[in-house]
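Subject: Structure for your review

Hello,

Here is the structure I said I would pass on. My notes follow below it.

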Amino acid sequence: MIPAAHEEAEQLKHGYIGTEHLLLALVRRGTGGLELSVDAVRGEVVARVGEGGGEERSRGRLPFTAQSKYAIDGALKAAASQDERAVTAEDLLLAVASSEGTGRDVLHALGFSPERLQEQLGRS
């Protein structure tokens with residue numbers, strides 16, 4: 001999922017990987033059968049943070065924001081608390097929805113609260 005988030009950040013010419021890029025990568029993957037379109041999510045992301053400047057970024061590693069690190073850590077903790085051997089896409093989606101950041105704001109704008117996501121993913 002992290003490489004896909006990196007690609008999303010590069011496509012938007014952002015110099016970082018934020019929760020919005022994690023969310024875009026998750027939606028592109030088709031997480032849990034949720035009715036979220038990549039176009040709707042991308043539109044909300046661009047409306048909130050815009051696209052980067054016209055210059056092309058080098059293809060190096062991008063840093064994670066504090067919010068995206070927090071979301072990834074939350075997903076790791078959720079997986080561990082459920083005795084899962086690996087972090088699932090659903091763990092990460094719920095962590096993004098519960099963490100401060102643009103990803104959460106986009107989900108809320110599209111009508112997806114953490115509670116609604118838990119219900120739809122069968123985790124309530």
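Is Lys 13 buried, partly exposed or exposed? Keep in mind that this is a predicted model. Lys 13 has a relative accessibility of 31%, and because buried means under 20% and exposed over 50%, Lys 13 counts as partly exposed. The residue sits in the loop between α1 (2–11) and α2 (19–29). Its phi is positive, about 60°, although Lys 13 is not a glycine.

Next, the core. The largest nonpolar core has 30 residues, and those touching the most other members are Leu 23, Val 41, Leu 93, Leu 107 and Leu 117. At least two core residues come from each of α1, α2, α3 (38–49), α4 (66–81), α5 (89–98) and α6 (102–109). The largest share belongs to α5, with seven residues. As general background, nonpolar side chains in soluble globular proteins tend to be buried together.

Leaving aside residues up to four places away in sequence, Leu 93 touches Leu 23, Leu 26, Thr 31, Leu 34, Leu 107, Leu 117 and Leu 121.

Leu 93 also takes part in the contact between α5 and α6. The axes of these two helices come within 7 Å and cross at roughly 90°, so α5 is roughly perpendicular to α6. On the α5 side the contact is made by Leu 93, Val 96 and Ala 97, and on the α6 side by Gly 103, Arg 104, Leu 107 and His 108. By type, the contact residues are four nonpolar, two polar and one charged.

Regards

Note on methods:
Residues numbered from 1 in each chain as written. Predicted model: local features only at pLDDT ≥ 70, side-chain atom pairs only at ≥ 80, totals over all residues. Heavy atoms only, no water. Helix = DSSP H or I, 4+ residues; strand = E, 2+ residues; numbered from the N terminus. Buried < 20%, exposed > 50% of the residue type's maximum accessible area, 1.4 Å probe, protein only. Core = buried A, V, L, I, M, F, W, Y, C linked by side-chain atoms within 4.5 Å. Contact = heavy atoms within 4.5 Å. Axes fitted to C-alpha atoms, helices over the stretch in contact; angles between N-to-C directions. Parallel < 35°, antiparallel > 145°, perpendicular 65-115°, else oblique. Nonpolar A, V, L, I, M, F, W, Y, C, P; charged D, E, K, R; others polar.
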